[in-house]
Every structure is written in structure tokens, then in C-alpha cells.
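Look at the structure, then work through the answers.

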Amino acid sequence: LITLAVSYALAPLPLPGAANFWRPVQWIQSPDPALKQIRTLVAKSRALSVQANVGAHFSQHPQVCRYPYKVGEADTIVLWLDSPTGNILPHDRHMIGTVAHHLQMSPAEYLASIECLLQNSAYGVIMWNNPWLVITRGPDFLNADKSILTRIDMLRQSWQITAKEYETVLRECRTKLK
């Protein structure tokens, strides 16, 4: 009886009277229709770098690393530009249930790394189906769509990242890129 009561109170669901600890932002469509298209695009990639909270969707791929690791070596990068939770603060990846925990990096570093990646001439966008972003290495790619940068800016504001903090990590990222 105690287990049932605790399970109800701590369920990661918006149940009346429950703590809803994880506070999911939305119910995910299962299966997400874009995933089939993305899996087709990445099927021939040798190495993937995938955002931490969507990595399970690509676990059958032979070589998958958590983004941003192996970005210089990865053929394809898969990102999901959305807020996985309503727990925005603190920006500490060690605090379970926060955006930083889902991303496994600070939100400012995450968004700045994507902006830097979009400016990297070695990579280009092969798919932008908001919120899914797929970037690949090679000559046959599209330039970054303005709507991607708008999405990054919207996330920066909703995740309460200050302009000063963002500029600092963006400058560091651009320095590493050179």
C-alpha cells in the first residue's frame, strides 16, 4: 500500500496531487514520424553524435556517441531542439530532471555549440524538421536555415540564459573552431 501511494505521488505524470518530479513538457508521439526519416538519413553514416536525451532512438546504430563528443569525427549529428522538461534551473547537469541533466551539459554550452556547428564549413544541415536537426559532414548539404537560429534564440530565452553567459560560451566555442 505504501509502495502504491509513493509511486502515485512520485509518478512522472501530471496526476492530481502527484509531485510530477520530471515535469514533462509534452507527451511525445510514439513513434515520432520524423524518426523514420532521420533513421533513413543516418543509416549509411559510420559514426553518429547524438543529443543525450534522444540517444536511445539510435542505439541500434553501430557507433553512437553523446553530443558533442566526437563531433569532429562523426559523419552525422542528430539534435532535438526542444525543451525536454519544465525544470529549467539550475543549469547544473548533476541536478536530476533539469534541462542540463537531459542535455548532459549546460544549456548555454549546448546552444552555443550548435550555433558554432552551423558556422562550421565542414558540416551542413541535411534535415530541419522542427525540432529535429540533422547535420552531416560533406559537400552536399544545405546552408543553415534562419529558422534554426530563431529556434536557438527562443530556447536561449526560455531556458533563461543571460546574454553575457551565452556570449562567453559562444566566444569559447568559436575560438576552439579556429
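A salt bridge is a side-chain nitrogen of Lys or Arg within 4 Å of a carboxyl oxygen of Asp or Glu. This is a predicted model: local features need pLDDT of at least 70, side-chain atom pairs count only at pLDDT 80 or more, and totals for chains, interfaces and linings use all residues. Residues are numbered from 1 along each chain as its sequence is written, and side-chain values use heavy atoms, with hydrogens and water left out.

Q: How far apart are the closest N and O atoms of Arg 151 and Asp 82?
A: Side chains of opposite charge can pair when their charged atoms come close. Arg 151 and Asp 82 form a salt bridge. The closest N and O atoms are 3.1 Å apart.

Q: How many residues apart in sequence are the parts that the pair Arg 151 and Asp 82 ties together?
A: Helices (H or I, at least four residues) and strands (E, at least two) are DSSP runs, numbered from the N terminus. Arg 151 lies in helix H5 (residues 146-158). Asp 82 lies in the loop between E3 and helix H3 (99-103), so the pair ties together parts whose separation in sequence is 69 residues.

Q: Are Arg 151 and Asp 82 buried or exposed?
A: The scale is relative accessible area: buried means under 20%, exposed over 50%, partly exposed in between (1.4 Å probe, protein chains only). For Arg 151 and for Asp 82 the class is buried.

Q: Which helix holds both Arg 156 and Asp 153?
A: The side chains of Arg 156 and Asp 153 meet in a salt bridge, 3.0 Å from N to O. Arg 156 counts as buried at 17% relative accessibility, and Asp 153 is partly exposed at 31%. The two are 3 residues apart, about one turn of the helix, and that helix is H5.

Q: How many salt bridges does a search of the whole structure find?
A: Arg 156 with Asp 153 is another. The search of the whole structure finds 5.

Q: What is omega, about, for the cis peptide bond that joins Tyr 67 and Pro 68?
A: Pro 68 lies in the loop between E2 and E3. The bond from Tyr 67 is cis, with omega about 15°.

Q: Where is Lys 70 found?
A: Phi of Lys 70 is near 65°, a positive value in a residue other than glycine. Lys 70 is partly exposed, with a relative accessible area of 42%. Its place is the loop between E2 and E3.

Q: Where is Gln 104 found?
A: Phi of Gln 104 is near 60°, positive in a residue other than glycine. At 23% relative accessibility, Gln 104 counts as partly exposed. Its place is the loop between H3 and H4.

Q: What share of the 178 residues in the protein is buried?
A: The secondary structure comes to 6 helices and 5 strands. The elements run α-α-β-β-β-α-α-β-β-α-α from the N terminus on. Of the 178 residues, the buried share is 43%.
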